[in-house]
Amino acid sequence: HGKTTTTSMIAALLDGEDPFTATIIEANPALIEMGEGAAAGRVFGELIETSSVADATQKLKDGTANAGALEVRLAKDPTKIAHLYLSRGEGRWVAYLVDVSEQKQIELQLAQSQKMQAIGQLAGGVAHDFNNLLTAIFMQLDVLATRHPVGDPSYEELNQIKQTSARAADLVRK
């Protein structure tokens, strides 16, 4: 569509035992832009939504965060989703936040599209199978029509079944 995606990479050096209560010592301009006011001196965890901080803290304690990024929502705009990468060294934390909101939106759209495609395939399959059943009904009606011609007591009932089956076939085509 001609639109380029820009991923804002936020980097910060944190001082403290817990990265979420640690103080920001240094930050790149992207972090200063994201937070209200100057980034240095602020508590890093204040930039992240409270429930995301609790979830990320738990994953750090469990040791399940080692596999990669922690998914967090930003306090300033909870609709923004970021991947948080943390590394510890020399008594300090280095934190990287990568905005993946657009990527997440595309993933959701793709999942929705795949669901719609699956529903379409299912509906098409059901219609095809139903059409095959109707073809068998029409064939049997043709056989019965030769045995029960106009004037036969069963002719009207058979004609009703044929009309109803024709309406069903029309519905399947639609």
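## R88 and E17

R88 is partly exposed, with 37% relative accessible area, where buried stands for under 20% relative accessible area, exposed for over 50% and partly exposed for what lies in between, computed with a 1.4 Å probe and protein chains only. Its salt-bridge partner is E17, with the closest N and O atoms 3.1 Å apart; a salt bridge here is a side-chain nitrogen of Lys or Arg within 4 Å of a carboxyl oxygen of Asp or Glu. The pair links distant parts of the chain, since R88 belongs to strand β4 (residues 81-89) whereas E17 sits in the loop between β1 (9-15) and β2 (23-27), 71 residues apart. E17 counts as exposed, at 67% relative accessibility.

## Basis of the model

The model is predicted, and local features need a pLDDT of at least 70, side-chain atom pairs count only at pLDDT 80 or more, and totals for chains, interfaces and linings use all residues. Residues are numbered from 1 along each chain as its sequence is written, and side-chain values use heavy atoms, with hydrogens and water left out.

## Overall organisation

The protein has 4 helices and 5 strands, which follow one another from the N terminus in the order β-β-α-α-β-β-β-α-α. Helices (H or I, at least four residues) and strands (E, at least two) are DSSP runs, numbered from the N terminus.

Of the 174 residues of the protein, 23% count as buried. The protein exposes about 11800 Å², of which carbon and sulfur atoms supply 56%; these accessible areas come from the Shrake-Rupley method with a 1.4 Å probe, and for residues only the protein chains shown count as cover. Among the contacts with a separation of 6 or more, 42% come from residues 24 or more positions apart, a contact being heavy atoms within 4.5 Å.

## Other salt bridges

The structure holds 8 salt bridges. One of them joins R42 to E46, with the closest N and O atoms 3.3 Å apart; R42 counts as buried at 17% relative accessibility, while E46 counts as partly exposed at 44%.

Another salt bridge brings together the side chains of D170 and K174, at 3.6 Å from N to O. D170 counts as partly exposed, at 33% relative accessibility, and K174 is exposed, with a relative accessible area of 78%. Salt bridges that share partners also join E71, K104 and E107 into one network.

## Helix α2 and residue S52

Helix α2 (residues 50-62) has 13 residues and reaches 18 Å from its first C-alpha to its last, close to the 18 Å expected at 1.5 Å a residue; the expected span is 1.5 Å times one less than the number of residues in the helix. In α2, the buried residues are S52, V53, A56 and T57. Seen down the axis of α2, these buried residues fall within an arc of 130°, so they line one face of the helix, the arc being that of the directions from the helix axis to the C-beta atoms. The buried residues of α2 pack against β3 (70-73).

S52, which lies in α2, is buried with a relative accessible area of 8%. Leaving out residues up to four places away in sequence, S52 touches V72 and R73, and the side chain of S52 reaches the backbone nitrogen of R73 at 2.8 Å.

P78 lies in the loop between β3 and β4 and counts as partly exposed, at 37% relative accessibility. Apart from its neighbours within four places in sequence, P78 is in contact with E49 and R73.

## Helices α3 and α4

Helix α3 (residues 101-147) has 47 residues, which at 1.5 Å a residue should span 69 Å, and its end C-alpha atoms are 69 Å apart, in agreement with that expectation. The buried residues of α3 are S101, L134 and L141, and they pack against β4, β5 (92-99) and α4.

On the α4 side, S165 lies in helix α4 (residues 155-173) and is buried, with a relative accessible area of 7%. Not counting residues up to four places away in sequence, S165 touches L134, I137, F138 and L141.

Terms used: A polar contact is a pair of N or O atoms within 3.5 Å; within protein, one must be able to donate a hydrogen and the other to accept it, and residues adjacent in sequence count only if both atoms are side-chain atoms.
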